[in-house]
Amino acid sequence: MRVTGTIDLLPSQMRLYNKICETFFAICKLYGYEEVATPILEDIRVFDRNLGLETDVVSKEMFFLEKKQDETLVLRPENTAGVMRLCQEGGLFQKLPQRLAYYGPMFRYERPQKGRYRQFHQFGVECIGVASYMADVENIQMAVHFMQEIGLAELTELEIHTLGSESERDAYKQALHDYLLPYKNELSENSVRRFDKNILRVLDSKNVHDQKILETAPVMRNFLQMESAKYFDNILESLENFGISYTVNPFLVRGLDYYNQTVFEIKTPALGAQSAVLGGGRYDGLAQQFGEKTPTPSIGWAAGMERLFLLAQEHQTLSVPPRKNIVIIAMTEAFDQEAQKYASLLRKEGIACLTVHEGTLRKRMKIASRLEAKYTIIFAPKEMENKTAILRDMMRSEERILPLADLIITVKKHYDT
Ligand code: HAM
């Protein structure tokens, strides 16, 4: 039995999955992002305070593995903190800016549902060491570009907001606290918990009554000083100039605590409750938690592979090229060796080739279709006597008889047409 909250991928699904991966890394290349890899296993200290002790991810969703004296290992729930650790240990903070990308499994002990799993995969990018608002713009542009390339632009929407600086945020939290206090008894149980532990998360409540109360709550925008307001406006203006549509969502709060200034998500109405396919933002203070003396302006995002995959699969937004195999059918055992010989010759030419040795011709042709054969080559007794074989074009359902000597060159000539 498969473990709850995990998924298998069948070969046809894996091809779509790989296509999304290829597209991600092609985009990374275009924007100058280089791939890094961190271990799935990390010391809990990489995450706990850095993501926020009161966040759901840290307080209830982490998978613990082993406890050895002062070392507690966890399966990584995300990878921004891991990349910061990598930068520190790999000396990359001394060579800023860095544009880094990663892909891999993440683990969160969440209640599984469509689009939400306990083992899932993230594509992520981190632009480390650039303070200009242009880094935010380019980072968001890259996310939107990725959505376009996998055919999801029409199904998704960009939401953006700012959390301001730490002092601005503190002033806002206080104002939100003062506003919500008289309503505390009316708030949902979840929001009361958030009110006490992480007040900004109340803004994310899905409860209708909470949302009604929040309608007239103070908004972050009014707590921004000139500098932060200008920074945010510059980003919005540039997005408009680049033709990137967005909605400013004053209730956008991320599930991790390391963010400051810009935060954004790409959401879809097409996946039910799990609407975020990508999320990110600026995290200028995180590097200091990993030993840097001064703030290191950084911004990044991560996208959930399974959610992108579900959307691309359900809405058929990405075409996966056929496999284009060549299938050789040896009609009697006497031609088995010959079939393998020609298969090897084709593979040497870089052409994918399989042989089918069992069953009636009808059954073998069925297998060839399932293998998405472009051509089937049939070694049949009558033709073999004359040193020829039957070449069947599977798409056109046309057959011709070819001398064995011309077989490789003919297949090679037409393989890519
Ligand atoms: P996050 O919003 O926690 O951000 O996750 C990013 C994306 O991962 C989500 O938008 C969603 O698509 C996917 N995801 C999260 N949890 C699950 C789950 N249980 N099942 C399936 N998909 C899931 C981060 O992790 C940040 N590290 C992003 C970031 C990078 N910020 C700056 N740089």
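Let's start with salt bridges: a search of the whole structure turns up 25 of them. By salt bridge I mean a side-chain nitrogen of Lys or Arg within 4 Å of a carboxyl oxygen of Asp or Glu. Before going on, this is a predicted model, where local features need pLDDT of at least 70 and side-chain atom pairs count only at pLDDT 80 or more, while totals for chains, interfaces and linings use all residues. Residues are numbered from 1 along each chain as its sequence is written, and side-chain values use heavy atoms, with hydrogens and water left out.

Okay, which residue does D136 pair with? That would be R282, with the closest N and O atoms 2.7 Å apart. This pair ties together distant parts of the chain, since D136 sits in helix 5 (residues 133-149) and R282 in strand 10 (residues 276-282), 146 residues apart. Helices here are DSSP runs of H or I with at least four residues, strands are runs of E with at least two, and both are numbered from the N terminus. D136 and R282 are both buried, and buried means under 20% relative accessible area, exposed means over 50%, and partly exposed is in between, using a 1.4 Å probe and protein chains only.

Now look at D8 and R2, another salt bridge, with 3.7 Å between the closest N and O atoms. D8 is exposed at 51% relative accessible area, and R2 is partly exposed at 48%.

Then there's R396 with D393, at 3.0 Å from N to O. R396 is exposed at 57%, whereas D393 is buried at 10%. And there's a network too: E159, R254, E265 and K267 are joined through salt bridges that share partners.

Moving on to the domains. The assignment, whose bounds come from an automatic or database source, gives domain 1 (11-165 + 225-315), domain 2 (174-217) and domain 3 (325-415). Taken over C-alpha atoms, the centres of domain 1 and domain 3 are 48 Å apart.

I326, for one, has C353 in strand 13 as its bridge partner.

Contact means heavy atoms within 4.5 Å.

How do helix 11 (residues 336-348) and helix 14 (residues 404-415) pack, and at what angle? It's about 35°, with their axes 10 Å apart. On the helix 11 side we have E338, Y342, L345 and L346, meeting L404, L407, I408 and V411 in helix 14.

Last stop, S228, which is found in helix 9 (residues 226-241). Is S228 buried or exposed? Buried, with a relative accessible area of 4%. Setting aside neighbours within four places in sequence, S228 is in contact with G164, S165, E168 and Q261.

Notes. Two strands pair if DSSP finds at least two bridges between them. Axes are lines fitted to C-alpha atoms, for helices over the stretch in contact, and angles run from 0 to 180 degrees between N-to-C directions.
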